[in-house]
Amino acid sequence: MSTAPRASVIIPAFNLARYLPAAIDSALAQDPHGGPIEVIVIDDGSTDETPQVLDAYRDRVKVVRQANRGFVATVDRGLGLANGEYIALLDADDEWPRDRLRRHIEVLDARPLAGLVQGDMEMIDSAGHTTHPSFFALKGIQPTDGRVLGRLLGNNFVSGGASTFRASLLPAIHPMAEEAAYPDWWIAACVAAVAEIVHDGATSNRYRSHGANMGLNASPGKAAEIYRYELTWRRWMMWNLIDDDTVSPGDMQAALQAWNMGLGTAAAGAGVRTRELLEVDPDAARDVLASAPAGSLPDSRALMRAFSRDPFDGALGVDLAVALHREAHQALPAPSAPLIAFQARPRLTLAWLDELTARPELVRAYAEEAGGDEDATLGVLFPHGADLSSLVALVESDELASREGCDITALPEPVTPPARALIAARACAWLGERPTTPPYSDLRVHGAVERAEFALGR
């Protein structure tokens, strides 16, 4: 009987045959702490000796060859093939310390709210000699533990080669959006939207500098190309992640500063006006602002989402700066618990607070059909900060719904695509009529809905 891998190691490879054996050997030498590992190498259409190198490992690693698709798509394909409980990325030109996976798995095993653990990197040259003991120290990076999505909106500090994450979070990560700039930044941001990120102080990767790295020691011209490449991704984050309640005005201010620097550097490097770098959508920006409550000013989150659609609207930029300054002095409400904290039972049904309070017969029907099933949970999604007294009163007034065996749990409604994808992937049905769009629309209607309709004679 085969044993599921404790961890999956994904190695994207493109024309790095010289270094690939050291990378594979370092992965195969890992102590996975509690089970076997699988090593998956995706050859992204290499034209050097990479196929010959991989032939020598065919009995120990899984090899997939494809036409050249690029770094993000290659890693994404590897994610779709992973079978391990934990997943780690290893670049084909890097190496791992022997205890790297064991340390990371021990951290994740001990910290249920952590979705990803990352460590420092030792810098090495093309021959494998150490050039600097700490990438963090070299670059002045201060790792942060906890809910770090806001910080990631400005810049990435999580390296894929030095991090490990839970495969259970893959619905929040895979498939990667076409806007993703780099796999590690995408993975870190998606994990941070649903879980904590923690830091392991020891070296977790030997990062090789050989003159052909994607971003390390880039020339001014190359740096300008990189900033231009990142603009689409930064806009995606401003539109999709800014509403998370762990993101502070200070985080948004840092993200805005990074955006302005990147836009200016990209335009200067390309020798063009900034307007030539981006398409704008003023109508989408106006729609965002029009959704603000009548008689009130849009908050910084709405303004930043609008700004992402039309960053060349000068008045909008000033309004955003003013809102960030105003809100910097306001007390922030306590953020909701990370979604990873909700350990769903095998059969999770989703419902929405407003619909349940308007149709209490749904709660009664659910309690009649699933209330005695110890594996069943009804997750009631509510807007952050909503008054839950109506739900409490509804459940307490129903004898079946209030009994101990009927598990009804209130959950803050996810506001980011990764969080929505994760909760939808964990659910098997919905109770009511609300879901009409992805990702919830793929869920089936719970049988209690038909029971409720029948009871009302509809």
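How many salt bridges does the structure hold? I looked this up before anything else. The structure holds 26 salt bridges. I keep in mind that this is a predicted model.

**Entry: a salt-bridge network**

I followed one network of salt bridges, which links D99, R102, R103, E106 and D200. In the bridge between D99 and R103, the closest N and O atoms are 3.1 Å apart. D99 is partly exposed at 29% relative accessible area. R103 counts as buried, because its relative accessibility is 12% and the cut-off for buried is under 20%.

Next I checked E106 and R102. Their side chains form a salt bridge at 3.3 Å, N to O. Both residues sit in helix α4 (residues 100–110), four residues apart, so about one helical turn separates them. E106 is partly exposed at 33% relative accessibility. R102 is also partly exposed, at 24%.

**Entry: buried charges**

I found a salt bridge between E361 and R359, at 3.2 Å, N to O. Are these two buried or exposed? Both E361 and R359 are buried.

Then I turned to D76, in helix α3 (residues 71–81). D76 is buried but has no salt bridge. The nearest side chain of opposite charge is R69, 6.1 Å away. Beyond its neighbours within four places in sequence, D76 contacts H174, P175 and M176.

**Entry: a sheet**

I traced an open sheet of five strands with parallel pairing, in the order β11-β10-β9-β12-β13. Its edge strands are β11 (407–412) and β13 (444–445). Strands β9 and β12 pair over three bridges. T349 has A429 in β12 as its bridge partner. Helix α17 (residues 417–426) lies across β9, β11 and β12, and runs at about 90° to β12.

Definitions and conventions. Residues are numbered from 1 along each chain as its sequence is written. This is a predicted model: local features need pLDDT of at least 70, side-chain atom pairs count only at pLDDT 80 or more; totals for chains, interfaces and linings use all residues. Side-chain values use heavy atoms; hydrogens and water are left out. Two strands pair if DSSP finds at least two bridges between them. Helices (H or I, at least four residues) and strands (E, at least two) are DSSP runs, numbered from the N terminus. Contact means heavy atoms within 4.5 Å. Axes are lines fitted to C-alpha atoms, for helices over the stretch in contact, and angles run from 0 to 180 degrees between N-to-C directions. Buried means under 20% relative accessible area, exposed over 50%, partly exposed in between (1.4 Å probe, protein chains only). Lys and Arg count as positive and Asp and Glu as negative; His and the chain ends are not counted. A salt bridge is a side-chain nitrogen of Lys or Arg within 4 Å of a carboxyl oxygen of Asp or Glu.
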